[in-house]
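Dear colleague,

I am passing on a structure that you have not worked with before, and I would be grateful if you could look through it alongside the notes below.

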Amino acid sequence: MEKLLEKVYDYKEIENSLIQRFYSEDILPKFSFPAFSIVIPPPNVTGSLHMGHALNSTIQDFLIRYKLLKGYDSVWFIGTDHAGIATQTVVEKNLLRQGIKRSDISKQEFLQKVWEWKNEYGNIILEQFKRLGLYANISNSRFTMDKYYSVAVRKAFVELYNKGYVYKGKRVVNWCPRCLTSLSDLEVIHKTTKTKLYFVKYRFWDDDGYLVIATTRPETILADTAVAVNPNDERYSKYIGKRVLVPLVNRDVPIIASEDVDIEFGTGVLKITPAHDFNDYKIYQKNKNIGIVNIFNTKAELTLNEIEFNENLLKYNGLERFKLRENVVNDLEKFGLLEKVEDYSSNIGYCYRCDTIIEPYYSDQWFISMKELVKKPLELVEQEKIKFYPQSFKKVVIDWYNNIEDWCVSRQIVWGHRIPVFNCRACHNVWASEEDENRCLKCGSKDVFQEEDVLDTWFSSALWPFAVMYWPYSDFEKYRKCYYPTDVLTTAREIVFLWVSRMIVMSVFFLDEIPFKDVIIHAVILAPSGKRMSKSLGTGIDPLELIDKYGADAVRMGLIIQTAESQDVKFSIEKIEMARNFINKLWNAVRYLQLKKEKKVQNEFGDELVSLINNWLFDNLFDLTDNLDIFAKEYRFFDYSMSLYHFVWNVLCDWYIEYSKFFDYVQIEDAVNTVLRVVLLYLHPIAPFVTSYIYERMFGEDIIKQDVIKFMNYIKNKFVVDRTRSQYVQDFVDSVKEIRPFVNEILQLTFQDTVKIKIDFKNAEFPKDFEELFYSFTKTSRGYEPKSFMVKTKLGNIIIYIDEKSSDKYKELLSRKVAELKNNTQKIEKLLSNRDFIDKADKNVIKNYMENSKKLKEMIEINERILKEL
RNA sequence: GGGCGGAUAGCUCAGUGGUUAGAGCGCCUGCCUUACAAGCAGGAGGUCAUAGGUUCAAUUCCUAUUCCGCCCA
């Protein structure tokens with residue numbers, strides 16, 4: 001049954017042979033208990049696999065596979081997001097390359113083009129995910145605009161609408177003049193930007209005096225409807241009620257009082273442009289009589305209309321906002337209205353998709369009022385019904401809920417879920433409906449039309465955890481029993497508000513239940529320079545290239561061991577190499593053990609020694625697996641990986657396999673097979689390819705079908721560990737490590753093959769065979785008859801007398817050691833003579849110090865004697 | 001402006017109220033020892049950012065400062 005591993009670990013071959021099995025149509029929910037479920041954060045259909053996806057998916061796949069091995073019905077719901085603005089932008093650019101402008105074709109034709117694009121390219125990202133070795137069913141993936149999902153979105157919107165949580169209103173919103181759509185607050189990226197502060201004179205209407213106002217956006221002067229000062233500002237309070245002329249426009253506007261005016265900023269006088277500034281809009285809402293003037297069209301070009309017509313503006317008509325700014329500044333200067341210009345840096349909002357500067361824009365939009373909806377989620381997070389890892393995000397989410405603003409959900413684009421609100425031209429009835437309507441519910445008129453806007457992408461993603469389980473169809477109840485709420489959500493920090501907190505809101509509203517129990521917020525992997533990884537900046541590192549070069553297993557493990565906790569890390573290729581080397585090491589260890597079967601050992605050791613060492617091995621193994629289970633439970637993937645790394649490399653390979661070279665295969669076969677099984681099983685969630693491959697080679701079985709819990713119970717009964725006996729072996733290990741530096745130095749000085757020593761096993765229970773092992777492990781040999789020279793190992797029960805070869809080097813080594821020992825002893829003595837310490841410190845701590853002090857003194861004495869006689 | 005996190009070896013990062021603070025990479029010495037040179041054995045390298053405080057004891061807890069990063073407005 002067992003097949004020998006190939007000489008060289010060829011990850012490409014292995015990945016090719018297994019990838020279809022991992023990503024297979026046969027992987028279906030079993031609807032059995034215990035169940036475990038995760039929903040993937042759906043990648044954008046426009047996306048390509050980046051480092052964030054790679055880490056995020058690795059974590060999820062780890063959990064899915066770990067639970068699978070633990071006997072769970074472990075299901076991963078995967079799929080993609082239609083990503084409204086992002087996708088539309090990509091398709092627009094595509095068409096432009098073919099010479100087709102968006103404006104050349106109708107909305108319907110364009111929509112058709114987007115669907116064509118989606119059908120052709122929309123699954124690329126899922127195909128790329130494959131390469132990571134994910135265990136999921138690709139044919140079962142969902143899409144936020146597929147047939148069933150669309151039903152869920154409409155149902156959700158209509159229900160919110162009918163319960164009064166949706167309203168339409170004319171508001172100043174974030175507007176992207178390139179994407180030609182509104183954006184939610186969360187889709188705006190604020191960046192400190194160098195700009196200028198213009199000090200502009202506003203003349204009084206009735207005399208020659210003037211006020212100076214500082215503004216970063218002089219072009220919006222044209223839409224000023226008031227000037228405001230803080231009533232507590234002694235400099236200006238006397239002017240409240242007077243009127244000033246808006247420069248260039250010569251519209252006369254009032255000077256109003258507002259507590260919102262920052263006395264410190266600029267001159268302390270604020271111009272009010274309600275239609276093009278958020279703060280000004282707030283002030284306007286409290287002073288509606290000042291009026292609101294919109295001077296821009298959707299592309300942020302100055303556009304006069306009948307209502308807001310002003311002949312002084314005619315010459316600017318059609319100018320784009322920054323061109324307009326130039327013109328306005330020039331004219332202000334020309335008319336002597338510009339007092340000065342200063343350099344300034346201010347926080348400016350940019351579109352998160354296309355990086356265009358956001359224009360606050362006064363327009364009709366749809367909103368969801370959030371204050372009420374957020375109440376229950378807030379409580380649930382506070383009560384830790386949903387737990388965040390790391391915990392600090394609990395507070396972050398709570399703060400966000402507490403300061404929630406209404407959510408602008410309408411987008412003026414084509415690609416998305418059209419808002420299911422219908423209007424009747426005849427009777428002006430407005431209603432929301434899950435079905436397409438062509439007749440007014442109220443008056444029966446056929447003159448009805450649906451809203452043109454589509455919903456924010458994040459509205460549909462907020463429904464993801466239950467929509468992927470076919471809510472609101474009856475099937476959902478079947479899924480709900482096993483898989484809802486889902487167990488854990490893993491995500492990057494940047495979408496905690498955009499997505500995570502809104503999923504909670506929606507799940508609580510529609511199902512009265514949390515969508516997931518745990519939220520893991522993982523690290524952000526930065527470029528090695530510490531900058532963000534970004535394709536456009538050229539700082540991105542392609543995970544697929546890494547997989548090509550190092551193999552998927554190495555990439556997975558390498559990512560995990562460089563991202564402990566959620567602290568951001570600079571990407572280090574060394575960690576990927578470390579993982580690759582580790583897998584290679586494991587491969588070779590297995591291969592060695594397989595080859596060993598064929599070989600006979602010359603002078604094999606007795607079974608007594610073998611059992612002692614096996615006992616030590618299993619002691620370490622059980623210690624390891626106990627820890628691994630804790631680490632997995634606490635999502636400490638770094639600790640999980642590193643403890644496996646150290647067990648395989650520093651326990652199994654460095655020591656056990658070295659011991660095994662003195663044993664015959666039959667003596668260790670049982671232990672070896674068992675330990676390898678356990679290692680492969682526990683490593684499988686990190687490195688699925690190589691472990692599956694080796695497992696099948698060795699045991700002829702599919703690793704994913706194994707039951708770890710059963711197996712562990714079985715072997716814990718079979719190999720009962722004796723801690724005391726295990727300590728003998730550990731003493732041996734420590735003694736070898738202690739003596740090696742001396743031997744190494746001596747050998748290098750004397751060019752001998754071995755150093756002669758004499759070993760004194762103080763502990764009679766040590767098997768005599770250990771002596772032979774010791775010689776071999778330390779490159780020493782029997783035959784030294786000690787006078788008084790020796791080195792005593794520090795912790796162990798073994799005393800080694802070493803042939804001194806009376807060299808200066810040796811003397812130096814010993815003196816250094818003695819000095820070190822003395823130094824430590826002094827520190828401890830000082831502590832022990834401290835009354836406060838004796839009175840207050842923990843008794844065990846004191847005891848340990850005292851014992852150690854004794855040991856140290858003994859060693860100093862011995863080594864000093866040696867030194868004297870050298 | 002408000003909030004959060006970080007500063008530990010040359011580099012990337014772990015870790016800890018208590019004896020000698022770790023890993024990988026890099027560096028130095030010696031080894032192709034029949035599983036592995038992607039390896040083996042050994043070594044050098046740290047006032048744990050700075051200043052105070054709490055404590056018998058601080059790299060670890062607290063406060064302030066500096067620098068870096070992130071989030072929100």
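What follows is an account of what was found in this model, which is a predicted one.

If residues up to four places away in sequence are left aside, Tyr659 touches Ile613, Trp616, Val729, Phe732, Val733, Leu773 and Phe777.

Next comes a pair of helices. The axes of helix α18 (residues 607-633) and helix α24 (residues 769-778) come within 9 Å and cross at roughly 65 degrees. Because angles from 65 to 115 degrees count as roughly perpendicular, α18 is described as roughly perpendicular to α24. Where the two helices meet, α18 contributes Leu609, Leu612 and Ile613, while α24 contributes Asp769, Phe770 and Leu773. Sorted by class, the residues in this contact of α18 with α24 are five nonpolar, no polar and one charged. Two of these residues, Ile613 from α18 and Leu773 from α24, are also among the residues that Tyr659 touches.

Another cis peptide bond joins Trp471 and Pro472, with omega at about 5 degrees, and here Pro472 belongs to the loop between α12 (464-467) and α13 (475-483).

Positive phi values in residues other than glycine also deserve a mention. Ala83 has a phi near 50 degrees, a positive value in a residue that is not glycine, and its place is in the loop between β3 (79-80) and α3 (84-97). Asp512 likewise is a residue other than glycine with a positive phi, in this case near 55 degrees, and it lies in the loop between α14 (496-511) and β23 (516-522). Is each of these residues buried or exposed? Ala83 has a relative accessibility of 5% and therefore counts as buried, whereas Asp512, with a relative accessible area of 55%, is exposed.

With kind regards

Definitions and conventions: Residues numbered from 1 in each chain as written. Chains lettered and ligands numbered in written order. Predicted model: local features only at pLDDT ≥ 70, side-chain atom pairs only at ≥ 80, totals over all residues. Heavy atoms only, no water. Contact = heavy atoms within 4.5 Å. Helix = DSSP H or I, 4+ residues; strand = E, 2+ residues; numbered from the N terminus. Buried < 20%, exposed > 50% of the residue type's maximum accessible area, 1.4 Å probe, protein only. Axes fitted to C-alpha atoms, helices over the stretch in contact; angles between N-to-C directions. Parallel < 35°, antiparallel > 145°, perpendicular 65-115°, else oblique. Nonpolar A, V, L, I, M, F, W, Y, C, P; charged D, E, K, R; others polar.
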